[in-house]
Amino acid sequence: MKIGVSYNLWKGEEFIPYSIKSIRDKVDYIVVVYQNLSNYKQDREDLTSLMDFWKQLGLVDEVVFYEPEFDGIERQWWGTHNELIKRNIGLQKCLENGCEYLVDLDGDEIYDPTQFDFGLQAIQEGNYDSGFVQNTTYYKYTTCQVVPPEKKYTPFIYKINDSSKFEPIENDMFPVLTDGKRRVRCKHPLIFSRNQVVLHHYSYV
């Protein structure tokens, strides 16, 4: 069970070292796909030197710079178009490095290491091709949680092969309600309860 992790990074880079350290000894390959211009043409400081530093530390195995595409695309689809491309870049990089499973994360998402390990074991023992978890979302402050918790799910892991890709699959064709830009076709999912595995999402913190 060779596991790759792909981080989709625009902002929230301060959380990634903590996120990686919570799972690093349980995964085989980590790639960060980052951009310096947002999907809506907002600029930020260049992340290249930070990405190089992370590689030197051995925190990540590979970094990929992504330049968002806008030409010929309606503004309302800029975000969807570019995010799907970024996530598919990460998926392909993991495949190229022999990974059989993909954990897809945003920069501001962190797992508890014990729960992460439990989740991986459950997926492997049941031969599931995917897993989904719910979030604990922190808004603006690490001490401020969204209550009641959101009901939607986030992908925990996907089994991947050469035909796998992130695509806008319709709600009624997908096993759970989740972000439309984080869907890979699956047939045998494991839906985790909150007391089994939860994803900690630091939104706008």
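Okay, let's start with V146: at 32% relative accessibility, this valine counts as partly exposed, because partly exposed here sits between buried, under 20% relative accessible area, and exposed, over 50%, with a 1.4 Å probe and protein chains only. Before I go on, this is a predicted model, where local features need pLDDT of at least 70 and side-chain atom pairs count only at pLDDT 80 or more, while totals for chains, interfaces and linings use all residues. Residues are numbered from 1 along each chain as its sequence is written, and side-chain values use heavy atoms, with hydrogens and water left out.

Back to the valine. V146 sits in the loop between β6 (130-139) and β7 (153-159); helices (H or I, at least four residues) and strands (E, at least two) are DSSP runs, numbered from the N terminus.

You'll find N127 in the loop between α4 and β6, and at 52% relative accessibility N127 counts as exposed.

Now, that β6–β7 loop again. The peptide bond from V147 to P148 is cis, with omega near -5°, and P148 is in the loop between β6 and β7. P149 lies in that loop between β6 and β7 too, partly exposed at 42% relative accessibility. What does P149 touch, leaving aside neighbours within four places in sequence? N135 and R194, where contact means heavy atoms within 4.5 Å. P149 and T137 are 12 residues apart in sequence and 7.4 Å apart in space, C-alpha to C-alpha.

Let's go inside. In soluble globular proteins, nonpolar side chains tend to be buried together. The largest nonpolar core here has 31 residues, and those with the most contacts inside it are Y7, Y111 and F156. Elements giving two or more residues to this core are β1 (3-9), α1 (16-21), β2 (29-34), α2 (48-57), β4 (101-106), α4 (113-126) and β7. Apart from that one lies another core, of 21 residues, among them L84, L102, F132 and I169. By core I mean a set of buried Ala, Val, Leu, Ile, Met, Phe, Trp, Tyr and Cys residues joined through side-chain atoms within 4.5 Å. As for Y7, leaving aside neighbours within four places in sequence, its contacts include I16, I20, V32, L105 and D106.

How many salt bridges does a search of the whole structure find? It's 14, counting a side-chain nitrogen of Lys or Arg within 4 Å of a carboxyl oxygen of Asp or Glu. In one of them, R87 and D106 meet at 2.8 Å, N to O. That pair links distant parts of the chain, with R87 in helix α3 (residues 78-96) and D106 in strand β4, 19 residues apart. Are these two buried or exposed? R87 is buried, at 1% relative accessible area, and D106 is buried as well, at 17%.

Another bridge joins E96 and K93, at 3.9 Å, N to O. They are 3 residues apart in helix α3, so about one helical turn separates them. E96 is exposed at 57% relative accessible area, while K93 is partly exposed at 21%. There's also a network: salt bridges that share partners join E83, R87, D104, D106, E109 and R182.

Last, the cysteines. The whole-structure search finds 0 disulfides, a disulfide being a pair of cysteine sulfur atoms within 2.5 Å. For C94, the nearest cysteine sulfur is that of C99, 4.7 Å away. C94 counts as buried at 0% relative accessibility, and C99 counts as buried at 4%.
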